[in-house]
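This briefing concerns a predicted model. Please consult the sequence and the structure shown below alongside the points that follow.

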Amino acid sequence: MGAMKVLFIGGSGIISSACSRLAVERGIDLYLLKRSTGGPRPVPAAATVLRGDIRDPASVKEALGGVEFDAVVDWVAFTPQQVQADIDLFRDRAGQYVFISSASAYQTPPARVPVVESTPLRNPFWRYSRDKIACEDLLVAAYRAEGFPATIVRPSHTYDRTLVPLDGGWTALARMRQHKEVVVHGDGTSLWTLTHHEDFAKGFVPLLGHPRTVGEAFHITSDEALTWNQITESLAAALGVTPRIVHVPSDAIAAADPEWGAGLLGDKAHSMIFDNAKLRSVVPGYVATIPFETGAREIVAWHDADPARQVVDERLDAAMDQLVAAYRQPPAR
C-alpha cells in the first residue's frame with residue numbers, strides 16, 4: 001500500500017505550517033495548493049507545491065489535473081460560498097474533506113465548561129464565528145444528504161513564535177518593555193487556552209484518512225488553562241520585566257475600539273476550557289507538551305532577532321493610553 005496522498009489548500013500559515021512538517025515527517029505524500037511559492041514559513045522540501053488559486057475553480061482543476069486524494073484540507077475557507085465551491089470541486093476526488101472551523105463557534109459565553117464537541121454552536125457577537133458555523137451547517141447537510149466525507153476541526157487560540165496572543169500583538173510587548181501600562185480585559189482572571197502549533201499538529205495529522213472521523217467534529221487544544229493575568233506575566237517574564245497591568249472592562253474596550261472589542265466579547269472575554277476526550281478516542285497518544293512559558297520565550301526571541309518584526313500599532317497604542325488613563329488606579333495614600 002502506497003503513502004497516503006493529502007492535499008493542503010494553503011499550508012504555510014501559523015497552524016498549517018506545523019501540520020505540513022509533521023505530515024511529511026510521518027510519510028504522507030503531501031501536496032500544497034498555493035497561489036505563490038513564497039510565504040513567511042518554509043514549505044517542506046518533500047512536499048509538492050501546486051500553483052493555483054482556490055477562489056478560481058478553473059485554475060484549481062488545471063493545477064490538480066486528474067489526481068485524487070485520500071484527504072483534502074482547506075485551511076483558508078471562511079464562508080459558506082467558499083465551502084460550497086470546495087464541495088463541488090472535491091465531491092468525487094477526495095476520500096475525506098477537512099474543514100478548519102473555530103472553537104469561537106461554540107456557545108459564547110459557554111453555559112458550562114469544559115467545552116465538548118456537542119456544546120451548542122452560537123456566537124451572536126462575532127461575524128467570523130457565525131460564518132464558521134454556517135460553513136459547518138453546510139457540511140453537515142452535505143454529509144447527511146449525500147455522504148460527503150466531511151470532518152470538522154475546531155482549533156482554539158493556536159500560536160507560533162510569530163504570534164503574540166495579547167491584543168495589539170507586539171504593541172503590548174513594546175509597552176511592557178518601555179515600562180508602560182498594558183491593558184488586560186476584565187479583572188484578568190478569566191481562563192484561556194493557548195495551544196502551540198506543534199502540539200496542534202500532533203493531534204491533527206493522525207485524523208487525516210482516519211475512518212472514524214468522517215461526519216464528526218473535533219477540537220484540538222492544550223489542556224493548560226491560564227488566566228489572562230498569567231499569560232501577560234509569562235510574556236513579561238520572557239521580556240525580563242514586571243508588567244504594569246491595568247484592568248479594563250471588556251464592554252469599555254469595545255466602546256473605545258469596536259474592532260478590538262469584537263474579538264473580546266465574541267471570544268476572549270469568556271473562560272474557555274476544553275475536554276479533549278473525543279480527540280483522544282481516535283488519537284490515543286495525544287498530549288500537548290509545550291507550556292506557554294516556553295512559547296512566550298520563543299515569541300520574544302523571534303521578535304528580538306529582527307527589529308523589523310517589532311511593529312507597533314500606533315492607533316491601538318493610543319487607544320491603550322486612553323483606556324489606561326481612564327482606568328488606572330490612583331496611588332494609595
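Proline 80 has its place in helix H3, which spans residues 80-90.

*Proline 80*

- Proline 80 has a relative accessible area of 23% and is therefore partly exposed, since buried residues lie under 20% and exposed residues over 50%.
- Leaving out residues up to four places away in sequence, proline 80 touches Asp131, Ala134, Cys135 and Leu138.

*Threonine 162*

- Threonine 162 is located in the loop that runs between strand E7 (157-159) and helix H5 (170-177).
- Because its relative accessibility is 23%, threonine 162 counts as partly exposed.
- The side chain of threonine 162 forms a polar contact of 3.0 Å with the side chain of arginine 41.
- A polar contact of 2.6 Å links the side chains of threonine 162 and aspartate 160.
- When neighbours within four places in sequence are set aside, the residues in contact with threonine 162 are Ile14, Arg41, Trp302 and His303.
- Threonine 162 and alanine 301 are 139 residues apart in sequence, with a C-alpha to C-alpha separation of 9.7 Å.

*Packing of helices H7 and H11*

- Helix H7 (residues 228-239) packs with helix H11 (residues 292-304) at an angle of about 50°, and their axes are 8 Å apart.
- This angle makes H7 oblique to H11.
- The crossing of H7 past H11 is right-handed.
- On the H7 side, the contact is made by Ile231, Ser234, Leu235, Ala238 and Leu239.
- On the H11 side, the contact is made by Phe292, Glu293, Ala296, Arg297, Ile299 and Val300.

*Nonpolar cores*

- The largest nonpolar core comprises 29 residues, and those with the most contacts inside it are Phe8, Cys19, Trp75, Phe204 and Leu208.
- The elements that give two or more residues to this core include strands E1 (5-9), E2 (29-34), E4 (71-74), E5 (97-100) and E10 (217-220), together with helices H1 (14-25), H6 (197-204) and H10 (277-282).
- Helix H1 supplies the largest share of this core, 5 residues.
- Phenylalanine 204 is in contact with Phe8, Cys19, Val73, Trp75, Val98, Ile100, Val153 and Ile220, leaving aside its neighbours within four places in sequence.
- A second, separate core has 28 residues, among them Val115, Tyr159, Trp192 and Met272.

Conventions
Residues numbered from 1 in each chain as written. Predicted model: local features only at pLDDT ≥ 70, side-chain atom pairs only at ≥ 80, totals over all residues. Heavy atoms only, no water. Core = buried A, V, L, I, M, F, W, Y, C linked by side-chain atoms within 4.5 Å. Buried < 20%, exposed > 50% of the residue type's maximum accessible area, 1.4 Å probe, protein only. Helix = DSSP H or I, 4+ residues; strand = E, 2+ residues; numbered from the N terminus. Contact = heavy atoms within 4.5 Å. Polar contact = N/O pair within 3.5 Å; in protein donor to acceptor, adjacent residues only side chain to side chain. Axes fitted to C-alpha atoms, helices over the stretch in contact; angles between N-to-C directions. Parallel < 35°, antiparallel > 145°, perpendicular 65-115°, else oblique. Left-handed = near helix turned anticlockwise from the far one by under 90°.
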